[in-house]
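Here's a quick briefing to read with the structure open.

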Amino acid sequence: MTPKLLIAIPLLPLIAALIAGLAGRRIGRAASAGVTILAVGVSCALSIYVAKLIFVDGAPPWDDSVYTWLVTDGIRIQVGFLVDRLTALMMVVVTFVSFCVHVYTIGYMREDDGFQRFFSYISLFTFAMLMLVMSNNFMQLFFGWEAVGVVSYLLIGFWYTRPTAIHANLKAFVVNRVGDFGFVLGIAGVVWFTNSLDYKDAFAMAPSVAGVQFPLTPTTTVSALTLICVCLFVGAMGKSAQVPLHVWLPDSMEGPTPISALIHAATMVTAGIFMVARMSPLFEFSEAALSFVLVIGATTALFMGFLGVVNNDIKRVIAYSTLSQLGYMTVALGASAYSVAIFHLMTHAFFKALLFLAAGSVIIGMHHEQDMRKMGGLAKYMPITAITCWIGALALIGTPFFSGFYSKDALIEAVGESHRWGATYAYYCVLAGVFVTALYTFRLLFMTFHGNERFATAHDAHAHDDHAHGGVPHESPWVVTAPLVALAIPSVVIGYFTIGPLLFGGAFGNSIFVHEANDVVAGLGHEFHGPLAFALHGLTAPPFWLALAGVLSAWYLYLKRPQLAERLAERFAAVRSVLVNKYYFDWVNENLIAPLARLIGRLLWKGGDQMLIDGAFVNGSAKFVGWAAVKGRRIQTGYLYTYAFWMVIGLAVLLGWFLIRA
Amino acid sequence: MQGLGILSALVWLPIAGGVAVLALGDRRIAAARWLALIAAIATVALTIPLWIGFDRGTAEFQFVERLPWITAFNSWYHLGVDGISLPLIVLTAVMTVPVIIASWKVIETRPAQYYAAFLIMAGLMIGVFAAIDGLLFYFFWEAMLIPMFLIIGVWGGPRRVYATFKFFLYTFLGSVLMLVALIYLYVQGGDYSLRALHELPLTLVEQRWIFLAFLAAFAVKVPMWPVHTWLPDAHVEAPTGGSVILAAIMLKMGGYGFLRFSLPITPDASRELDWLMIALSLIAVVYISLVALVQTDMKKLIAYSSIAHMGFVTLGAFIAWDIADSTGALRGAAMGLDGAMVQMVSHGLVSGAMFLCVGVMYDRVHSREISAYGGVINTMPKFAGFMVFFSLANAGVPGTSGFVGEFLVIIASFKANFWYAFLVATILILGAAYTLWLVKRVIYGPVANEHVAQMPDLNRQELLVLGSLAVLVLLLGVWPAPLLDVMHSSIHHLVEQMTTSKLPL
């Protein structure tokens, strides 16, 4: 590895983004798409080359700086790269998914006026995400962290004339900023004890800081590393959409579908997972922080899954599924199974990107209809989309031999091995989650691709729609289906081939640190006898039967007896209304928190600034001067007798005073 | 005695240019306009040798000029720069150019006088930063009020008379107290030279009074809560250029005053009263950000945002002692000061650009109300790009200059007290909320009304101005090292000064 090679990987997409963004109108649509795809393609090839150097040739990790950002108070903050096994894996995932999405975009955005702008944004995103995963210090990590947030903001609001889109992007940014608020405090905490922003210094210092207490208030202290790790994790909760900072992700579906796949499924939302894994040398020294991670993750995994069951928007169902799966990854982090979290991150990136892109293909086929109640029976019209979507779904629910099975089963077993506070709760949550996952996933499949064709009526209602090009749904062009196939392959096989080396072969090397006592993955390793045996064993394990039960329930409720689903909904109307209202998180944010902030602002403005400071003091003192002048003027009457009168009085007072003194 | 040099040129060239523009007058306005632009650019050019020739290894004043001025009071025409004043001088020179260009076609009443006022003000403001004689500093400090008074009073909005008087009385009241303090110091030491003032021993009681007198002057300029209410009114009534200079440069004089006068002259009083400064800074960030959230006038919103951002400057300047108390070492004090300085420079660029953006819209629709806009991106896509960019910079997104200072101050304040960092970091949320909510309502959405529908996109001048500012904001965000290098020696010297007690042992 040379610095030039590493710099080229993030820089190429940046340059392409600038070309497409600034000169897009001049060079045209084809050239804009071409230059960004070329850049990301080369970047992807180089990433694979780097991964080969590291995983196959056993090259040592690269950790060096590129340039000095600034020096302050003896602290040199540098922009630099740390490329080890964890980074190399992330680079391949990011650039590969990004490349697929770039190609897909040619078809999906074909008719959009913002074609060049869109390519510019997604290339810019690739740059930011690469800066994030390749960073060797907290400053650059935070740069990438916020930069992906900015691009996400721009992309959610891509169709900026839609009120829902510009509401969603503002919400996404502000909620993410709540996370970043914690994140920046965590970074400040790292500097507090290391006087450095470099990972290696922070990691080296962690063992010696483990016992240090931080004075939170004059009377209470808290373990310094717990405080730092919880703060950092709050950042991860924002970016990886964990309860209660998850509210932005479903709304982010207002953006075009390619970015839902790229940003809001495969890459950006996993940044939090990556970050915690990267920070494992810090988190491992704080049991309390890991328990916190565990409980938050478990809650997200189960309770966000439920929401997928009641939603009818095809993209939102997948979005809730993403929330739930991110919860799974977070649970793994909390159980100290960092490698499993990254493993699930990788398999999820492929099959979830696939599901989103397939949903996008359906949306194109349905002439921009997203409501599953108006679909059904599409398998006949869109066979490639249907098959690839099935593959993604089977991977998602953890069908043995599919990629998702390996990562999810390993994850559940790892949590089962953990004895950390909260692990039991987490175990039951992820187990129950398997059933829920299968239920909402197959509900989506059945409602979309099978059963009665409900689009005919739907289409009449949309006859006036600009996008209505005519009758029946149609299969999408090859630029759309090719990425589906490209993603379907790893969705099936990647787990089989990588579970051994990644989890039990030490493929992550030193890039992930786990205390021996916490190492639940090693415990699994004793029982691991190859991927085939693992899958066969899976057939007899509870998750498989739970998933099967979920599939059958979905089949029964949504294909066999659709009336039953409706009757159940009526029967449990109260539960349903809680779910439909998404546990009232949005309601609380929009009707309590936001108005409260505005109310306080208005009170401080009208009451504090205008009445008290300006009214009483500023204008008050001006008025007082005016009043005093008016009163004082009365003395100057101009009449001789008044002056004579005051002179006599004055004389009398003066004389009296002299007399008394004498 | 050193003769006239580059600093004098920086002070007097724009003033001479301003006088020449006045002489040309409105009848030869084309020539006057070009002359104004040339003078402004020449001033920027003059800062280049200053920046290159500046010795980064020393905290001593450089490019020193010293000529007799008021010999009866031992006051000298004494100019010099160090790492604290140099960036602000460059900022002043740089920000004058966009003001001239942005008003190229917009100012219709007495344009020559308008340009002249800005050029003269630029010279006087550079004088403020370059003066290292107390009385000379005071001269420039007060003289600068006159052109600004005229700019708001003549070219301002409908309530300009109220705003100008408020502005003038507010700042003047504070300044007079500063003059009293300076005279007292002169009586004690017999010298107005800054270095002599820095070394003058003072009792704690003396320091306390002097600190409060300085505070009156500087707090109004920054402005700090609760003496900030002149700023929103002044901004709202000022013409675009006035707002730009007000936000970009004049506010920095308060921060500069703290670093140049309060901290080194009254270190013990600063230490004793640092709780007050920290409290007011935190109020500025949280209280003012909440107020910014509910503004309906774009200029007021940005004005309040300015006050909140300046809270970082005063916080960064006054946390050194708390850092020493909580960590037992001074590591981090310089970071706070570095952050304060970077924040000043960055805020100069970003808030200036934000006011220019509002100016661009105001020139087309003649309203500052947020509700008068909506969907501007549809008719002005280029402008929308810039507005979104500067808004993100205002929200402190990394990669822009707005991030650097905030980041350093947050990290440094964590060393002082977790809760300082906690409160000050709320700007991440609140700053994003008020800035991007503004963007949402003004820039995004469908075209709101026919005024918006008829807005033409940026013309060449506007593109040039916003484009160059965007480059600077980006450059400073991606590579702030050169700025920090210039400041390094002076900041460390300042930390030494402020942590060395002046009291007899």
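The contact between the chains draws on 42 residues of chain A and 44 residues of chain B. Keep in mind that this is a predicted model.

**Chain A's side of the contact**
- Four elements of chain A each put in at least two residues on the side that touches chain B: β1 (62-72), α5 (138-156), α6 (163-194) and α26 (585-635).
- The largest share comes from α6(A), with 15 residues.
- By type, chain A's residues on this side split into 27 nonpolar, 7 polar and 8 charged.

**Chain A overall**
- Chain A has 27 helices and 4 strands.
- Its C-alpha trace spans about 120 × 65 × 60 Å along the principal axes.
- Chain A runs to 662 residues, and 56% of them count as buried.
- Take the contacts in chain A with a separation of 6 or more: 81% of them link residues 24 or more positions apart.

**A look at helix α23(A)**
- Helix α23 of chain A covers residues 542-560, and at 1.5 Å a residue its 19 residues should span 27 Å.

Key: Residues numbered from 1 in each chain as written. Chains lettered and ligands numbered in written order. Predicted model: local features only at pLDDT ≥ 70, side-chain atom pairs only at ≥ 80, totals over all residues. Expected span 1.5 Å × (residues − 1). Buried ≥ 20, exposed ≤ 12 C-beta atoms within 10 Å, placed from the backbone. Contact = placed C-beta atoms within 7 Å. Nonpolar A, V, L, I, M, F, W, Y, C, P; charged D, E, K, R; others polar.
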